[in-house]
Amino acid sequence: MKTRVFRGMGLYWLVFIFALGIIGYEFGPWRFPHKESELEQFISQKVTIQGVLVEEQEKRDYNTRVKVQIKEINKKEIFEKQKVLVTTTSPKDFYYGDLVTIRGQLTRPENFYTDTGREFDYVGYLESNNIEYLLKNASVQVHGNEPPSSILAGLFWLKREFVDSLKKMLPEPKSSLAAGILIDGKQSINGELQEKFRKTGLVHIVVLSGYNVSIVAEAIGKVFSFLPRFLGISFSMVGIVLFALITGASATVVRSSIMAILVLLSRLSIRKYDPTRGLFLASLLMLIQNPSILIHSPSFQLSFLATFTVVKVVPWVEQFSFTRFIPEKFGLREIVISNVTVQLYLLPILTWMTGFVSAVSLPVNILILPLMPLTMLSCFITGLTGFLPYMIALPFAFVSNGLLSYELAIVNYFSQFSLSEISFNIFSTNIVIGFYAITIVAFLLIRGTLKEDRGNKHN
């Protein structure tokens, strides 16, 4: 009876979260007409903006992007909190808290069509990040640094120092890959290498996905395991929060961090952690803070569906006898079943978003994922020991270099095949929504004992 009640409650949670997102999106402040903004009168004009950087810079191959909180525009003080996304070709580095003067033409973003012919809702995507205005090819001058948060400023400084330590110990592109899988995401990696990871279905390891966060959370827990239980768990939760902040707090990282914290909180109580409840609660908290991510955040959508697959669909698949032929050695059965199931279940939304499917994704993931925890540990130690005398860090750098060389060789080899990018664009928006609505409800209602505790490893 209790199980049936919980399954019913799961459906109620699902409907409530979906309704909350739709209502919040339709009536939230981001839906107010543009005429309500103080900046509307400056559209399509050359402007001079005084402001402060509220995030770290995003370096790309040909330009740099920064998010600026506007204080003044054309010497007129702005009282509402407005952020503008600024693109500049300046070779300088910009840091969180920099006081800047920006000159350029103020515009509103516009949707655009991808190479596959699908219209990308760029306007909605930026609105979900509270950005309504752009300045492209702008000139940026820095005249001081007053970070809004001294804690964030310190975390970002530590992040830069750690990345510099990796670059000192490892050659490119291995140092960038190490930084990407640990703390900096795909912005550390150049566009060509990003494309190779995308083609081989391995981009999830360099976008700080739930997989990365789960490894980090487990490592943090082991570091503080020597402390009394309450203190160890408390320090672990603080460490997870700090990691989320230092990496930029993307939707995926936030969702995974909340679920990791819920796991730790369950250890302080007598109640067993339920990953399905954790997923819905984490999603609910995120939607309360920003309902528009339900509609406009691919990161949130993919993260939710991938986690749901792991905690609900994968245990169901494992019950079938045909999975027994896969050997368990080195965790191969778990990797194969999880990867095949997740990729098949996410196929409709991924092809709807990108217009292609990668036929080499499965073998690449099988060849690389078993080594990722060791790679992350080795690279982390390499970065830390990089602050010490060179000879101390050298053995760890040698191991990291070997692991990263192997992983890059696999990616470079498989990305050459034409099968790495097969055009596949048969799913419409209505089909995608209908498919996931039906299957999520079905798996919430499905009978039988599922091994949901597996989800603890993937949150």
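Predicted model: local features only at pLDDT ≥ 70, side-chain atom pairs only at ≥ 80, totals over all residues.
A residue counts as buried when its relative accessible area is under 20%. Which residues does S257 touch once its neighbours within four places in sequence are left aside? They are V213, I240 and A244.

Now step back to the whole chain. The protein chain holds 16 helices and twelve strands. Of its 459 residues, 48% are buried. Contacts that reach across the sequence are worth a look too: among those between residues at least 6 apart, 75% join residues at least 24 apart.

In general, two packed helices are described by the angle between their axes and the distance between the axes. Helix α3 covers residues 150-169 and helix α4 covers residues 174-184; their axes come within 9 Å and cross at roughly 150 degrees. An angle over 145 degrees counts as roughly antiparallel, and α3 and α4 are therefore roughly antiparallel to each other. The crossing of α3 past α4 is right-handed. On the α3 side, the contact is formed by K159, F162, V163, L166 and K167, while α4 brings S175, A178, A179, L182, I183 and D184. The loop between α3 and α4 contains P173, and here the backbone has a feature to check in your viewer: the peptide bond joining E172 and P173 is cis, with omega about 0 degrees.

Helix α11 runs over residues 298-318 and helix α12 over residues 332-354; they pack at an angle of about 145 degrees, and their axes are 9 Å apart. Here too the crossing is described by its hand: α11 passes α12 in a right-handed crossing. From α11, the contact takes in P298, Q301, L302, L305, A306, F308, T309, V310, V313, V314, V317 and E318. Facing them in α12 are I337, S338, T341, V342, Y345, L346, I349, L350 and M353. The residues of the contact comprise 16 nonpolar, four polar and one charged.

L346 belongs to helix α12. Is L346 buried or exposed? Its relative accessibility is 7%, so L346 counts as buried. Not counting residues up to four places away in sequence, L346 touches L305, A306 and Y436. Y436 is 90 residues from L346 along the chain, and the C-alpha atoms of the two are separated by 9.4 Å.

Aromatic rings give another way through the model. A search of the whole structure finds 13 aromatic pairs. In one of them, the rings of Y413 and F417 have centres 5.2 Å apart and planes at 85 degrees, so this pair is edge-to-face. F417 also pairs with F414, in a tilted arrangement with 6.0 Å from centre to centre and 50 degrees between the planes. F414, at 15%, counts as buried. Elsewhere, ring pairs link F280, F300, F304 and F308 into a cluster, and F308 is also one of the α11 residues that meet α12.

To finish, visit a few loops. L388 sits in the loop between α14 (372-385) and α15 (390-414), and with 44% relative accessibility it counts as partly exposed. L388 and S165 are 223 residues apart in sequence, yet their C-alpha atoms are 9.7 Å apart in space. Two other loop residues have positive phi without being glycine. S44, with phi near 70 degrees, is in the loop between α1 (2-27) and β1 (46-53). At 49% relative accessibility, S44 counts as partly exposed. N74 has a phi of about 50 degrees and lies in the loop between β3 (64-73) and β4 (76-77). The relative accessible area of N74 is 33%, so N74 is partly exposed.

Methods: Residues numbered from 1 in each chain as written. Heavy atoms only, no water. Phe/Tyr/Trp six-rings, centres within 6.5 Å; stacked < 30°, edge-to-face > 60°. Buried < 20%, exposed > 50% of the residue type's maximum accessible area, 1.4 Å probe, protein only. Axes fitted to C-alpha atoms, helices over the stretch in contact; angles between N-to-C directions. Helix = DSSP H or I, 4+ residues; strand = E, 2+ residues; numbered from the N terminus. Parallel < 35°, antiparallel > 145°, perpendicular 65-115°, else oblique. Left-handed = near helix turned anticlockwise from the far one by under 90°. Contact = heavy atoms within 4.5 Å. Nonpolar A, V, L, I, M, F, W, Y, C, P; charged D, E, K, R; others polar.
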